[in-house]
Amino acid sequence: MKKIIAIAFLVSAFTFAQKPIFTSAKVKAATVYFNAAELSQTTLVNLPVGTSEIVIKNVADYLNENTVQIGAPASVTVLSVQFTQNYISEYEIDESNPIIKKVRDSITLVKKDIKKIQIDIYSNQQTIVLLDQNQMVSGANTGLNVTELMKLVEYYKSKRTELDNTIVVLQEKEANATKKLANLNAQLEINTQKEEKASKGKLILQVMNEVAGSVNLDINYLTNSASWTPFYDLRADNITTPINMMYKAQVVQNSGIDWKKVKLTLSSGNPNQNNQAPLLSSWFLRYSNPYEYDDKFRNGDAKSNTLQEVVVQGYGKVTKYRDTTSSISNFTTINENQLNVSFDIDILYDILSNGKVHSVALKEIKLPATYKYYAAPRVDKEAFLLAEINDYSKYNLLSGEANIIFESLYVGKTTINPNQTTDTLNLSMGRDKKISIKREKVVDKSGTKFLSSYKEQTFTYDLTVRNNKKEAVQMLLKDQYPLSTDKEISIELLDDGKAKVNTETGILTWDLKLQPNETKKIRISYKVRYPKDKIIDNL
C-alpha cells in the first residue's frame, strides 16, 4: 500500500555524491476543470539503498508547486521535491527514441557522403580547366613535331574523357545520395510526429530508500495550462419530435506534454477559486451626482428602448419519449455532488499540447420539448422558434454554446443557460423565414401637436404577421410602449390592440394562432406629452 506525501517545496539540505537518476513520467489520467487540470502521472525508477536524487522529466512546463503529491511505497521516504525548467547536469544523458536516433545518424552520414562527392566533382572540374589551359599554352608557345603533337592530342583526349566520365559517375552518386537524404528527412518527420512532446518541466526528488530495486512513483499536481467548455449539438426533425442533444466538451491544453491514451474526467469545479466564506461589513448610503444619471438615461444606457421582459407561454401537446442511451452515453458516467458535476469517460483520449480545441463526446440525450414561435418586431422583424424543456435540471446541463440543426439544416448557434430560477428552460432553435412579420408606422395616424408649453407626439403602428407554412402555428407576439420616470413626461396608451398589458414594464403580449397562409394585423397607438423646450432622444 502506498503512502501519499504532500511535499512543501524546500531547497534540499542534502548533498549526494552519486549521480542523479533520470526517469520520464507518463500521463495516465487527467481531471480537467474550467480553468485548470489535475494530472496523474507515473514513472518506474530503479533505486539503490540509501539516499538518491531523482530527476523526473516530462512534467508540465508550468504547475502549481503547492499541489504536488508524490505516491511512493512504504520503503521509500521522500525528503524534498523541487520543480524547475532549467535543470542542467553533466550526468544527464540523451534518452532519445532509438528509431529517431538511427535515422538522424543516417542523415549525418549521407550528408558527409554528399559533401565528399561534391568535393570530388569540383576537383575533377578544376583538373579539366587546368588541362585545357596547358593544352593551349603548349600549342601556342612550343614547337612540337608531328609525333609529339599526336602523343599530346592522344593524352589530352583520353584524360579529358576519363575526367568527364568520372564527373558523370560522381553526379549520379550525388543525385542518388540527395534522394536518399530526402527519404530520410521524410522518415524523420513521420517518426517525430509519433514521438511524444517533450516538456521543459522537471521534478527533482531527494529520497531515502530501504530496499534496493524498481520503485513505482505516482505524481499528481495542478496545472493552469488546460481547460474545457461545454458545447452542444441540438438536432430536431420538426416541431413534433424531441430534440436530440449531443452533450460535448471542448478541451484545450498547452501543458508542454502530450496526453496519449489518458483517462479523462471533466469537472465543473474550480480548484483555483477562493474558498473563504464572505463576511458582511457596514453598508453606508451616499448621494450620487444626478447629472451623471440623467446623461446615462439620455444616452440610452437605461436600456429603455429594448424589450426587458420575455415571458414565453407553452402551447400544444407535449409528447413523451422513452430515453434511449447511445453507445457514447454508455462510456460516460455523470457524478453530481453538492458543489459540482463531473463526467468520467471510459474511452481513452489523445489530447495534444498544441492549444487547439479537441472535441470530446460525452452523452446523447433526448429532450422532450414543447415548441412555439416568438417575435418582438420592435427589436427584430423575424420569428424565432423556441423549444421549452421541462424538468431540465435532471440532465446536468452547464452553460455553453450550441449548434442548431433543424430539419437537417444548420441554422446557427444559440446559448444554453441552465442557471435560472424558472421551472422550464427555453432553447432558441433559430429563425423561421416562413413566418413574415412587419411593423410599420401609420403616418396619417401619427404626428406632433404643440399646446402652449407642451408638445404632444402620437405614434401609431401596424403589426402584420403572416404564416406561410403548411401547418398551423402558435405564436407569442410582443411589443411595447414607453414608460416615464419624469413627472413632466406623460404617456397614454391609446390603442393596445387587445393585448395583455403589463403597465409596470410597458410590454404588450398577444397569443396568436395562425392557420396556414393566414395573415393577422394588429394596431397599437400611444401618445407622449412633454415640455416643448425639451428633447427626448430615444423616443
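Which ring does Arg529 lie over, and at what distance from the ring centre? The close-ups below take this up along with the aromatic pairs. This is a predicted model, in which local features need pLDDT of at least 70, side-chain atom pairs count only at pLDDT 80 or more, and totals for chains, interfaces and linings use all residues. Residues are numbered from 1 along each chain as its sequence is written, and side-chain values use heavy atoms, with hydrogens and water left out.

**View 1. Arginines over tyrosine faces.** Arg529 lies over the face of Tyr454, 4.3 Å from the ring centre. Arg439 lies over the face of Tyr461, at 4.0 Å from the ring centre. Here, a charge sits over a ring if NZ of Lys or CZ of Arg is within 6 Å of the ring centre and within 35 degrees of the ring normal.

**View 2. Phe34 with Trp228.** The structure holds 5 aromatic pairs (rings of Phe, Tyr and Trp, the last by its six-membered ring, with centres within 6.5 Å; planes under 30 degrees apart are stacked, over 60 edge-to-face, the rest tilted). With ring centres 5.2 Å apart and planes at 40°, Phe34 and Trp228 form a tilted pair. Phe34 is partly exposed at 34% relative accessibility, while Trp228 is buried at 0% (buried is under 20% relative accessible area, exposed over 50%, partly exposed in between, with a 1.4 Å probe and protein chains only).

**View 3. Tyr247 with Phe343.** Their ring centres are 5.2 Å apart and the planes meet at 65°, so this pair is edge-to-face. Tyr247 is buried at 0% relative accessibility, and Phe343 is buried at 0% too.

**View 4. The ring cluster.** Ring pairs join Phe34, Trp228, Tyr232, Tyr247 and Phe343 into a cluster.
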